[in-house]
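Keep the model open while reading.

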Amino acid sequence: MMKEEDLENKKLTEEVSGEYINSSPEDYNGLRSYINQILETKLLSEEEEINLFKELENAAPEKKVHIRNKIMEANLRWVVNIAMEYTSKNGVPLLDLIQEGNIGLKKAVDNFDYRKGFRFSTYSRKIILQAISSAAKNNAYLLHVPEKVHTEYNKIKSVEKKLTERLDRKPTIEEIAADEEIEISASRIFLILNARKQWDSLQEKIEQVSDDTDEVPGGEFV
């Protein structure tokens, strides 16, 4: 008999497959890989959750990143669940909403106070909802591309090129993540590559606008 958590995982995978069935094979397979990986991380018990936030509060800066990522990885499935609610209602691509929701999740981790006595999932849902609903409402693709992401993207492409020459084919995301030269999870590689593809698409649209027109595709830049 399947455990309740396993049933929820199976349901999430099936629902995402149905929601994303009309996407390109590359995006569809990438999303399935991302979902499968995040579901491998077990949900945190209340005690584990409190202990991690206590560690986060007192940890050295270099240790905080590891603890924050551990908390986020255990909660990424909730971002997908919430994103799915909005993509079906607003038509905004699921991957865009997942990226916005993950930004909201990070904000929730940074601001959560375990002393108030409620679970992190309850607190974070509101912030994730705000991030996703804002993106869905405006139908805008808010691309956050800090220098760290550019660096990681270049590293990913370097390893991809090396593996392509070695394997005589394009490597999978999992093969890139497993390479000894890279320390980036498969789920993060997937999101970085997708974000870069969106950015390139947006740049192409911008370049199509002539210098003597005020028209900007996709809305205004602030």
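Is Phe 112 buried or exposed? Phe 112 is buried, because its relative accessible area is 10%. Buried means under 20% relative accessible area, exposed over 50% and partly exposed in between, with a 1.4 Å probe and protein chains only.

## Basis of the model

This is a predicted model, where local features need pLDDT of at least 70, side-chain atom pairs count only at pLDDT 80 or more, and totals for chains, interfaces and linings use all residues. Residues are numbered from 1 along each chain as its sequence is written, and side-chain values use heavy atoms, with hydrogens and water left out.

## Overall fold

The chain has 10 helices and 0 strands. Its pattern along the sequence reads α-α-α-α-α-α-α-α-α-α. Helices (H or I, at least four residues) and strands (E, at least two) are DSSP runs, numbered from the N terminus.

Of the chain's 222 residues, 37% count as buried. Contact means heavy atoms within 4.5 Å. Take the contacts between residues at least 6 apart in sequence: 64% of them join residues at least 24 apart. The accessible surface of the chain is about 13,800 Å², and carbon and sulfur atoms hold 49% of that. These areas come from the Shrake-Rupley method with a 1.4 Å probe; for residues, only the protein chains shown count as cover.

## Aromatic pairs

A pair of aromatic rings is described by the distance of the centres and the angle of the planes. Rings of Phe, Tyr and Trp (its six-membered ring) pair if their centres lie within 6.5 Å; planes under 30 degrees apart count as stacked, over 60 as edge-to-face and the rest as tilted. By this rule there are 7 aromatic pairs. One of them joins Phe 112 and Phe 118, edge-to-face, with 6.1 Å centre to centre and 65 degrees between the planes. Phe 118 is partly exposed, at 35% relative accessible area.

Phe 112 also pairs with Tyr 123: the centres are 5.4 Å apart and the planes at 50 degrees, so this pair is tilted. Phe 112 sits in the loop between helix H6 (94–111) and helix H7 (120–138), while Tyr 123 is in helix H7, so the pair ties together parts 11 residues apart in sequence. Tyr 123 is partly exposed at 23% relative accessibility. One aromatic cluster takes in Phe 53, Phe 112, Phe 118, Phe 120 and Tyr 123.

## Nonpolar core

In soluble globular proteins, nonpolar side chains tend to be buried together. A nonpolar core is a set of buried Ala, Val, Leu, Ile, Met, Phe, Trp, Tyr and Cys residues joined through side-chain atoms within 4.5 Å. The largest one here has 49 residues. Those with the most contacts inside it include Leu 31, Phe 53, Ile 98 and Phe 120.

Leu 31 lies in helix H2 (residues 25–40). Leu 31 is buried, with 1% relative accessible area. Beyond residues up to four places away in sequence, Ile 98 touches Leu 31, Tyr 34, Val 79, Val 80, Ala 83 and Leu 191.

Which residues of H3 are buried? They are Glu 49, Leu 52, Phe 53 and Leu 56. These cover an arc of only 95 degrees around the axis, which puts them on the same side of H3. The arc is that of the directions from the helix axis to the C-beta atoms. On the other side of H3, Glu 47 and Asn 58 are exposed.

Ser 124 lies in helix H7. Ser 124 is buried, at 2% relative accessible area. Leaving out residues up to four places away in sequence, Ser 124 touches Leu 105 and Ala 108.
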